[in-house]
Amino acid sequence: MGNTNKDKDSKGIGRVIDPIFDVGFKLIFGREKVSERLLMNILNNIFSGDPIFGNITSLTFTNTERPNEYVEGRGIRYDIKCETATGHQYIVEMQKGEQKHFLERCGYYVSRGTAEQGFKGRNDKNELWDFSLMPVVGVFFCNFHVEGLPFKPFTTGRLRDDETGEPIGNFQCYAFVQIPCFYKEEEECNTLLDQWIYNIKNMGRNQSVAFTANNDIFRYLESVSNYAALTPEERDVYESELKKARDYNAVLVTAKEKAMAEGRAEGLAEGRAEGRAEGRAEGRAEAEKESLIKNVRRMREKGLDDELIADFLNQSLTTIGSIK
């Protein structure tokens, strides 16, 4: 295991690119004429055994010229779009932090990829569109547990018959990799997919790539993720986005700590006063309730949404939503 302090420069940039950050993920898996082999390997392992989606023999990146146009609070969100030799379209992204309506957003992007295949009039072959569609596959790596999904590392799904479970068409498919749900240690990773997820989860923190002794795909991953091998332009982008992500995280942590500290102090003071008048048990309950209300209101004032607040305060979204 690498020494993370020793392996970082004065800017806090490690010698190994961290794929947990979406810009790092794209530098590893989304660079034209560099990353195709890596992305094809991990996709084939995610869909191993699936005759429709698991036999990728070649792919071409289709959004190398521009990042995704959707801008989040911490900066631009980078995703990867590619098309296989069979015409299948894949949308692949790393999402580091929780986001409101995340599943709905995933559905939107996959559905948009489907809708964009339609055309009016005739195509360059003088054909009218007959609603024929090539499959669109969304692959979402998440550094959090997605609300609404089971707590397990890998979840795949598509439109299915409720009774038989048989697929209804193959024009859309989803795969979610929930990294915090993956607990295996290095020596427990017996499959290629386990080894991939272990590296994605740990290579930035350990500043090393595991399993290089036994598989050339991970030796290639080690070379592609070498920060020193980036172009000056790629280094600038990586450093800039990494700084934005760290600054954004620091703002969230500071807002949480300040709101909770202030809320605890005021809540306890009010609780003690009420406890003397109405009884300690009732005072404590009321103090906790008032503290929660104050914390929620302060965190909203700092710009945090209810889903983040619920997670920080270990409360249900329903409870947070009931506080006005």
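What is on screen is a predicted model.

Switch to cartoon. The protein has 9 helices and 8 strands. Of its 324 residues, 45% count as buried. Among contacts with a separation of 6 or more, 61% are between residues 24 or more positions apart.

**Helix 1**

Select residues 22-29, which make up helix 1, and pick out Val23 within it. Val23 has a relative accessible area of 4%, under the 20% cut-off, and is therefore buried. Val23 and Glu241 are 218 residues apart along the chain, yet their C-alpha atoms are separated by 6.8 Å.

**The largest nonpolar core**

Next, select Phe29, Leu39, Tyr90, Val139, Phe141 and Ile200. These are the residues with the most contacts inside the largest nonpolar core, which has 52 residues. Helix 4 supplies the largest share of this core, with 6 residues. In soluble globular proteins, nonpolar side chains tend to be buried together.

Centre the view on Phe141 and show what surrounds it. Beyond its neighbours within four places in sequence, Phe141 is in contact with Phe25, Ile42, Ile46, Val92, Glu93, Met94, Gln95, Val177, Ile197 and Ile200. A separate core of 13 residues lies apart from the largest one; to find it, select Ile293, Val296, Ile309 and Ala310, which are among its members.

**Helix 4**

Go on to residues 192-206, which form helix 4, and look along the helix to Ile200: a kink of about 35° is centred there. How many of the 15 residues of helix 4 are buried? The count is 12, so the helix is largely enclosed by the rest of the structure. The buried residues include Trp196, Ile197, Tyr198 and Ile200, along with Asp194, Gln195, Asn199, Asn202 and Asn206. Step past the end of the helix to Gln207, which follows it and has a positive phi, near 55°.

**A nonpolar patch on the surface**

Finally, return to the surface view and select Leu133, Leu159, Ile168 and Phe171. Together they form a nonpolar patch on the surface, with about 330 Å² of accessible area. Zoom in on Phe171, in the loop that runs between strand 7 (154-157) and strand 8 (172-178). Is Phe171 buried or partly exposed? Its relative accessibility is 35%, so Phe171 counts as partly exposed.

Key. Residues numbered from 1 in each chain as written. Predicted model: local features only at pLDDT ≥ 70, side-chain atom pairs only at ≥ 80, totals over all residues. Heavy atoms only, no water. Bend = angle between axes of the 7 residues up to and from the residue. Helix = DSSP H or I, 4+ residues; strand = E, 2+ residues; numbered from the N terminus. Buried < 20%, exposed > 50% of the residue type's maximum accessible area, 1.4 Å probe, protein only. Core = buried A, V, L, I, M, F, W, Y, C linked by side-chain atoms within 4.5 Å. Contact = heavy atoms within 4.5 Å. Patch = residues over 30% accessible without salt bridge, like charges linked within 9 Å, V, L, I, M, F, W, Y side chains within 5 Å. Areas by Shrake-Rupley, 256 points an atom, 1.4 Å probe, with all protein chains shown as cover. Salt bridge = Lys/Arg side-chain N within 4 Å of Asp/Glu carboxyl O.
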